[in-house]
Amino acid sequence: MVRLPYLTALTTLFSYGLLFAFGQMRDFFRKILDLWKSKNLQGYAPICLGLEDFYTRRLYLRIQDCFNRPIASAPDAWIDVVERYSKDSNKTLHRTSKINKCLNLGSYNYLGFAAADEYCTPRVIESLKQYSPSTCSARVDGGTTKLHAELEEVVARFVRKPAAILFGMGYATNSAIIPALIGKGGLIISDSLNHNSIVNGARGSGATVRVFQHNSAAHLEEVLREQIAEGQPRTHRPWKKIIVIIEGIYSMEGELCKLPEIIAVCKKYKAYTYLDEAHSIGAIGKSGRGVCELLGVDTADMDIMMGTFTKSFGSCGGYIAASKEIIQHLKNTCPAHFYATSMSPPAAQQVISAIKVVLGEDGSNRGAQKLAQIRDNSNFFRSELHKMGFEVLGDKDSPVMPIMLYNPAKIPAFSRECLRRNLAVVTVAFPATPLLLARARICISASHTREDMIKALEVISKVGDLVGIKYFPVEPQKHLTDKIQKKLE
Amino acid sequence: MAKLYVETTPPPDLNKNTEWFMYPGVWTTYILILFFMWLLVLSVFGCTAGIAWTTVNLVHFAITYQFFHWRKGTPFAEDQGIYNNLTWWEQIDNGKQLTRNRKFLTVVPVVLYLIASHTTDYQQPMLFLNTLAVIILVVAKFPNMHKVRIFGINAGR
């Protein structure tokens with residue numbers, strides 16, 4: 001449920017209409033000018049139809065300097081951003097050699113493992129010397145090292161499932177596993193705000209895909225009942241299997257999924273559940289075990305739990321944790337296991353060490369400190385932003401907080417003004433988010449200190465005033481307390 | 001002015017080309033754009049109110065015909081051409097007919113026609129053009145015309 005002022009909705013729609021109209025006019029004139037230029041296609045069909053990349057050419061390229069910023073250091077609490085300039089109004093960007101040291105509010109560095117860590121980094125360098133950066137082989141051929149086997153056991157133990165399987169890339173985990181689990185004749189019911197990797201995997205599997213309203217267990221039940229009653233399209237035979245796919249923390253909203261209700265509905269109708277914990281594993285829960293621990297759901301009720309190592313563990317890659325039979329089946333059928341190069345050994349060692357720190361098995365309590373720190377940081381930041389009058393989404397304890405911008409012009413304004421004041425933020429617009437709901441997404445890390453956050457809040461407040469995104473001004477209560485103090489005196 | 005707030009949930013529409021139409025404020029924006037276009041035409045050309053409404057009606061016909069009923073597909077390459085045979089009108093509301101959005105969009109050209117013909121006092125060349133515009137637009141929006149291509153016009157690519 002997002003609130004926005006009605007006038008803002010009207011102006012946002014009008015702005016997008018204006019941008020669209022200008023883009024169409026420019027395309028029209030481009031078509032006329034190109035009639036004069038000779039086409040050297042020689043009978044070949046054009047690679048893209050003019051309509052397909054309209055959004056990229058006419059809207060995205062105008063504000064291209066707010067995305068794809070190259071960095072020159074590890075993505076710790078402070079990050080070096082390379083400055084770029086453009087001579088043809090953002091169609092091409094050139095890097096300079098100047099570097100801007102900015103406060104990093106954009107990296108998924110939830111537990112602070114992105115920079116050198118006293119326990120992890122020596123072990124990673126050790127494994128780099130021993131195993132070299134790449135296994136140069138698929139898992140099935142020669143790419144399973146001792147580290148991979150150990151990491152699978154460690155992950156399975158951490159997530160509290162019987163077994164796990166690893167992949168070198170988080171996105172590829174979803175898009176390669178879903179087709180291996182379900183095919184034509186099956187039904188996938190996925191949350192309407194699921195990540196693109198899940199959408200791609202679902203499309204690639206050949207199963208029928210239906211969508212239920214975000215986080216609504218009631219709508220999920222309605223969709224399940226309707227689909228089970230109707231059966232497969234045209235033949236009306238019963239579905240071969242039904243998988244419901246949800247995420248732990250939705251990265252664009254920062255909200256947790258309503259896991260207990262959804263699991264109850266799935267159990268009632270005997271549908272399998274697939275939980276994508278990319279953003280929640282390691283970041284929430286008392287011991288960092290993710291959304292199941294936070295909401296008190298038994299992991300035996302989830303059929304398949306997927307996660308990535310990129311966000312909380314400072315590495316790269318993804319995993320699937322499920323029962324021994326499912327993991328054995330995946331090892332025998334999943335193409336990402338057979339043909340894709342296995343995870344890099346130093347990256348695997350980084351995850352093993354990071355999980356040991358989180359669980360406290362390295363002999364210190366840094367893991368528990370980091371978890372407490374990220375929880376306190378997120379709650380502090382979110383409550384301060386609320387007090388300033390921003391519209392901030394996300395549940396309590398979630399380290400992802402999107403600040404709503406709405407208007408398309410405010411996206412580059414916010415991004416550029418923040419960069420000018422040495423604050424690196426990530427802004428997201430259509431099509432990653434719905435059209436009206438453009439936002440700046442803040443990711444809080446355990447390595448942000450209180451001073452860092454206070455400085456960030458000052459900058460965001462100033463930029464917020466400049467750009468005009470304080471949509472919900474809180475009534476100033478200072479006058480009230482002053483009056484009370486005067487009365488007491 | 002007291003700030004009115006609206007609440008929205010992201011609609012469960014997978015087609016990014018059409019889901020923007022399901023938000024609050026879209027109908028009002030559409031009507032306000034038409035009204036301001038009329039004011040613009042009046043101020044630029046200094047013509048009578050009736051000629052201005054006729055101009056707005058005809059320009060509205062050209063623009064909406066081109067974007068709703070002629071152009072097919074979506075401006076996003078990631079959709080991989082699933083909607084390449086469907087015009088925008090055929091894509092909205094997932095192809096369901098007679099929804100609130102469709103009824104609203106059918107009523108707007110009719111109301112524009114009534115205003116334009118009333119303010120020009122039903123005089124001849126304007127009346128003919130306005131009637132032609134409204135007939136084409138309303139017929140194109142009938143549920144029976146879903147995915148129909150008369151004489152194969154606009155059927156290719």
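1. A salt bridge is taken here as a side-chain nitrogen of Lys or Arg within 4 Å of a carboxyl oxygen of Asp or Glu. By that rule the count between chain B and chain A is 0 salt bridges, and it should be kept in mind throughout that this is a predicted model.

2. How many residue pairs in polar contact are there between chain B and chain A? The count is 2, with both residues of each pair at pLDDT 80 or more. On the side of chain B that touches chain A, the elements that give two or more residues are strand S1 (5-8) and helix H1 (26-45) of chain B, and H1(B) gives the most, with 5 residues.

3. The contact between the chains draws on 33 residues from chain B and 32 residues from chain A. The area buried between chain B and chain A comes to about 3200 Å², and carbon and sulfur atoms give 68% of that area.

4. Within chain A, the domain assignment gives domain 1, made of 48-104 + 368-474, and domain 2, which covers 119-359. The C-alpha centres of domain 1 of chain A and domain 2 of chain A lie 28 Å apart, and 18 residues of domain 1 are in contact with 17 residues of domain 2.

5. The area buried between domain 1 of chain A and domain 2 of chain A is about 1300 Å², with carbon and sulfur atoms giving 60% of it. On the domain 1 side, A:Leu371, A:Asp395 and A:Arg441 lose the most area to domain 2 of chain A, and together they account for 34% of what that side buries.

6. Across the interface of domain 1 of chain A and domain 2 of chain A, the rule finds 1 salt bridge and 7 residue pairs in polar contact, both residues being at pLDDT 80 or more. The elements that give two or more residues to the side of domain 1 that touches domain 2 are helix H13 (366-388), strand S11 (400-404) and strand S14 (439-443) of chain A; the largest share of that side, 5 residues, comes from H13(A). Also in chain A, the side chains of A:Glu253 and A:Arg439 meet in a salt bridge, at 3.1 Å from N to O.

7. In chain A, 3 strands form an open sheet in the order S2-S3-S12, with mixed pairing. Strand S2 (78-85) and strand S12 (423-424) of chain A stand at the edges and have a single partner strand each, so one side of each is left without a neighbour in the sheet. Strand S3 (residues 94-104) of chain A pairs with S12(A) in the parallel sense over 2 bridges, and the bridge partner of A:Leu103 in S12(A) is A:Leu423.

8. UniProt, in an unreviewed entry, lists residues 101-460 of chain A for "domain: Aminotransferase class I/classII large". Over residues 101-460 the chain is 42% helix and 15% strand, and the end C-alpha atoms are 17 Å apart.

9. The feature "transmembrane region" is placed by UniProt (unreviewed entry) at residues 6-23 of chain A, where the chain is 100% helix and 0% strand and the end C-alpha atoms are 26 Å apart. For chain B, UniProt (unreviewed entry) places the feature at residues 30-63 and 126-143. Over residues 30-63 of chain B the chain is 91% helix, with the end C-alpha atoms 13 Å apart, whereas over residues 126-143 of chain B the chain is 83% helix and the end C-alpha atoms are 29 Å apart.

Conventions. Residues numbered from 1 in each chain as written. Chains lettered and ligands numbered in written order. Predicted model: local features only at pLDDT ≥ 70, side-chain atom pairs only at ≥ 80, totals over all residues. Heavy atoms only, no water. UniProt positions renumbered as here; feature names shortened; annotations may be inferred. Helix = DSSP H or I, 4+ residues; strand = E, 2+ residues; numbered from the N terminus. Pairing = 2+ DSSP bridges. Domains from an automatic or database assignment. Contact = heavy atoms within 4.5 Å. Buried area = accessible area lost by both parts, 1.4 Å probe. Polar contact = N/O pair within 3.5 Å; in protein donor to acceptor, adjacent residues only side chain to side chain.
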